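Keep the viewer open as you read.

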Amino acid sequence: MSDDISISRQSVGQTQGQSFEQYQRPTFILPLESQVSLCIRRGFQRAENALAPPISSIAGNAIVSIILGSIFYDLPEDTSSFISRGVLIFFAVLINTFLGALEGVQLWAHHPIVEKHHRYAFYRPSAEAIASLICDLPNKLLLTTFFNVPVYFLANMRRTPAAFFTFYLFAFSSLLIGPMLFRTIGAMSRTLASSIAPGADFILLLVIYTGFVLPIPSMHPWLRWFRCIDPMGYAFESLMINEFSGRDFACRTFIS
Amino acid sequence: MCEDLYAQCTYEAESDTNFPELTVAQTLDVAAKARTPHKVGPRLTSESKAKQRKDAILSSLGLTQSCDTKVGNDFVRGISGGERKRLSIAEVLVGGSIVQCWDNSTRGLDSGNAQNFLSTLRSLVNQKGSVAFVALYQASQKMYDVFDLVILLYEGRQIFFGSTSTAKAYFTRLGFVSPKGLPTGDFLTSLTNPAERVVRDGFESKVPRTVDDFTRRWNESEECALLINE
């Protein structure tokens, strides 16, 4: 009887022009745009039902921002504040980028659910990935505002609209890039544990080759190329230019 | 058919995976909308068809009163364990695939809920003309009778595949005795355990004893020949 079954399977496969054992693509009923909008709607429902974590994160970061601002409170507009301004800019870029370092790990909790839905042919995992990006945007916008604005004004950074909004732009993009990088690492790993180690390596490399801890001339040539792909490096350089370019600072000390 | 088969087959494993923050209604909403085509009919929109499907399954599995409660998990408070199980089942039923495999999906459900699930499955199968393969542990007689066909495997080899009503007769003819009051499902599974099966007096030498004996007797039997001809 088993011979009969295998023959009938073969004949069906041959009439269809492909073998039965070949992996068939799941046929989704909805097109990709509808899948994405379905996942977006669900993402906002999930955020609505669990408001406590994002709100507490925003509140906590606002407090950190005020503390940071008070450490660098009212930096004078002369040469004595150069180092402090540099440190503050580096700190801002650092914290913005690494606020999202744990998002790759968080995604692992949703892995089984998304895989299950993919198996049931509800939607593709890529639809869920795009949707979670979009659902996260309001949270990121609020975080940018509540974290970066207090520290910018408390520390007396360059008070022109152009400078402020440029700072805001780079802070927002750092906030987006950090989680994106760690999600990529998380998505490429096969297990949860194996997604943490490359993440840690990247953190180290990103921080060292930003250009603050090590000035560029001091960087050894065999890893200096990392600066070209380091998003933190670009953000830091841009913000330094934003803060210092075209500005006159009074001399504080005279070196004779 | 081969191209469709992947999406139309669903395999329901034993674990429960759901977003803990979503409510029951929201979870099933996603399932219903993901599996309802845009163009449904002249008078129905796909939204209303999806809602209809969702409401029907919700009520048949007894989840309507908890439809606005969050699903929850070990850390977030939500619906009970049995309801979570029924929610997983509802998700697959709402998905509506043509071939469904259910692996011990009644684990943790009381007999009433398990029976409910099987009746819902039966009516959906009748409606859509789909096929459901179900593996059940401790099936009562009532649950066994819901099904049309039963397949019995002994160490991976098939020793019976046929109608649920003739299974008992076939094995009784081979020489086994089903103790009074034992559900047919339990009788069939006991046959695969040498310590559990009961042989009728006078049949000790004629009854199959090893897996090979069972398989040989099955292959030679009339029921098998009938099956091949079908």
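This is a predicted model: local features need pLDDT of at least 70, side-chain atom pairs count only at pLDDT 80 or more; totals for chains, interfaces and linings use all residues.

Gln138(B) sits in the loop that links strand 3 (131-135) to helix 6 (141-145) of chain B. Its backbone is worth a look too: phi of Gln138(B) is near 55°, a positive value in a residue other than glycine.

Chain B has 230 residues, of which 45% count as buried. As for the surface, the accessible area of chain B comes to about 11,900 Å², with 53% of it belonging to carbon and sulfur atoms.

Now hop over to chain A. Of the 256 residues of chain A, 40% count as buried. For contacts in chain A with a separation of 6 or more, residues 24 or more positions apart account for 74%. The accessible surface of chain A comes to about 14,000 Å², and 69% of that belongs to carbon and sulfur atoms.

With those totals in hand, let's look at how some of the helices in chain A pack. Take helix 3 (residues 52-71) and helix 6 of chain A: they pack at an angle of about 15°, with their axes 7 Å apart. Angles under 35 degrees count as roughly parallel, and helix 3 and helix 6 of chain A are therefore roughly parallel to each other. Their crossing is right-handed. Which residues make the contact? On the helix 3 side of chain A they include Pro54(A), Ile58(A), Ala62(A), Val64(A), Ile66(A) and Leu68(A), and on the helix 6 side they include Leu142(A), Leu143(A), Phe146(A), Phe147(A) and Val151(A). Some other members of the list are Ser57(A), Asn61(A), Ser65(A) and Ser70(A) from helix 3, along with Asn139(A) from helix 6. Sorted by type, the residues of this contact between helix 3 and helix 6 of chain A divide into 13 nonpolar, 6 polar and no charged.

Helix 6 of chain A has another partner to check. Helix 6 (residues 125-154) and helix 7 (residues 161-188) of chain A pack at an angle of about 135°, with their axes 9 Å apart. That angle makes helix 6 of chain A oblique to helix 7 of chain A. Helix 6 of chain A passes helix 7 of chain A in a right-handed crossing. The residues of this contact between helix 6 and helix 7 of chain A divide into 17 nonpolar, 4 polar and 3 charged.

Next, follow the chain past the end of helix 3. Asp74(A) lies in the loop between helix 3 and helix 4 of chain A, and it has a positive phi of about 50° although it is not a glycine. Is Asp74(A) buried, exposed or partly exposed? With a relative accessible area of 45%, Asp74(A) is partly exposed. Further along, Ser81(A) lies in the loop between helix 3 and helix 4 (82-98) of chain A. Ser81(A) counts as buried because its relative accessibility is 1%. Leaving aside residues up to four places away in sequence, Ser81(A) touches Leu75(A) and Pro76(A).

The last stop is Met232(A), found in helix 10 (residues 231-244) of chain A. At 1% relative accessibility, Met232(A) counts as buried. What does Met232(A) touch, not counting residues up to four places away in sequence? Its contacts are Phe90(A), Val93(A), Leu94(A), Thr97(A), Phe98(A), Leu206(A) and Thr210(A). For a sense of scale, the C-alpha atoms of Met232(A) and Phe28(A) are separated by 40 Å, and the two residues are 204 residues apart along the chain.

Terms used: Residues are numbered from 1 along each chain as its sequence is written. Chains are lettered from A and ligands numbered from 1 in the order in which they are written. Side-chain values use heavy atoms; hydrogens and water are left out. Buried means under 20% relative accessible area, exposed over 50%, partly exposed in between (1.4 Å probe, protein chains only). Contact means heavy atoms within 4.5 Å. Accessible areas come from the Shrake-Rupley method with a 1.4 Å probe; for residues, only the protein chains shown count as cover. Axes are lines fitted to C-alpha atoms, for helices over the stretch in contact, and angles run from 0 to 180 degrees between N-to-C directions. Helices (H or I, at least four residues) and strands (E, at least two) are DSSP runs, numbered from the N terminus. Angles under 35 degrees count as roughly parallel, over 145 as roughly antiparallel, 65 to 115 as roughly perpendicular and the rest as oblique. A crossing is left-handed if the near helix is turned anticlockwise from the far one by less than a right angle, and right-handed if clockwise. Ala, Val, Leu, Ile, Met, Phe, Trp, Tyr, Cys and Pro count as nonpolar, Asp, Glu, Lys and Arg as charged, and the others, Gly among them, as polar.
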